[in-house]
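Hi everyone, thanks for coming. Let me put the structure up on the screen, and then we can walk through it together.

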Amino acid sequence: MGPAWAAIATLHHLARACRLLTDEEVDELCSACDAASGKSREAYDKVHVQLKLHVIEAHLPTFVRKWRTSGLFVEDACESIHNVVNTLNRRYACLHGEAKSRSKANALATLARPDIQALTADR
């Protein structure tokens, strides 16, 4: 099972990356999908294919080749964005109408700045 777990580790790292993948990373992820499913089948040759293995083998490579990511669609990415939105809602709860919309937009624009993203990437 060692080779299967090594492939799954690579797969896990790239599939959960909350960014667009490079061409090399897409190829590496698709290769890891093939390796993980192949090695798992070798280790458990008489066992029925589980649904998660089927998704990894049949659907994940196609999805990643089309969208260049899968990590942006996983729950972790949504939860982090949810946290930012909730924080902004609390911060600007006293504002109403156009002032509230403008303040939130300015805050989101500030968070999108490369210098701010570089600071948060180190955390």
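Let's begin in helix H3, where Phe63 and Trp67 sit four residues apart, so about one helical turn separates them. Helices here are DSSP runs (H or I, at least four residues), numbered from the N terminus. Phe63 and Trp67 form a tilted aromatic pair, 6.5 Å centre to centre with 45° between the planes. For that term, ring centres of Phe, Tyr and Trp (its six-membered ring) lie within 6.5 Å, and planes under 30 degrees apart are stacked, over 60 edge-to-face, the rest tilted. Searching the whole structure gives two aromatic pairs.

A word on the basis: this is a predicted model, where local features need pLDDT of at least 70 and side-chain atom pairs 80 or more, while totals for chains, interfaces and linings use all residues. Residues are numbered from 1 along each chain as its sequence is written, and side-chain values use heavy atoms, without hydrogens and water.

H3 also matters for our next stop: with six residues, H3 gives the most to the lining of the largest pocket. What is a pocket here? On a 1 Å grid over the protein atoms alone, with a 1.4 Å probe, it is an open set of points with protein on both sides within 12 Å along at least five of seven lines; lining residues have an atom within 4 Å of a point. This one holds about 740 Å³ of space, a volume filled by probe spheres set on the grid points. Of its 24 lining residues, the closest to the centre are Ile8, Gln50, Lys52, Leu53 and Ile56.

Conventions
Helix = DSSP H or I, 4+ residues; strand = E, 2+ residues; numbered from the N terminus.
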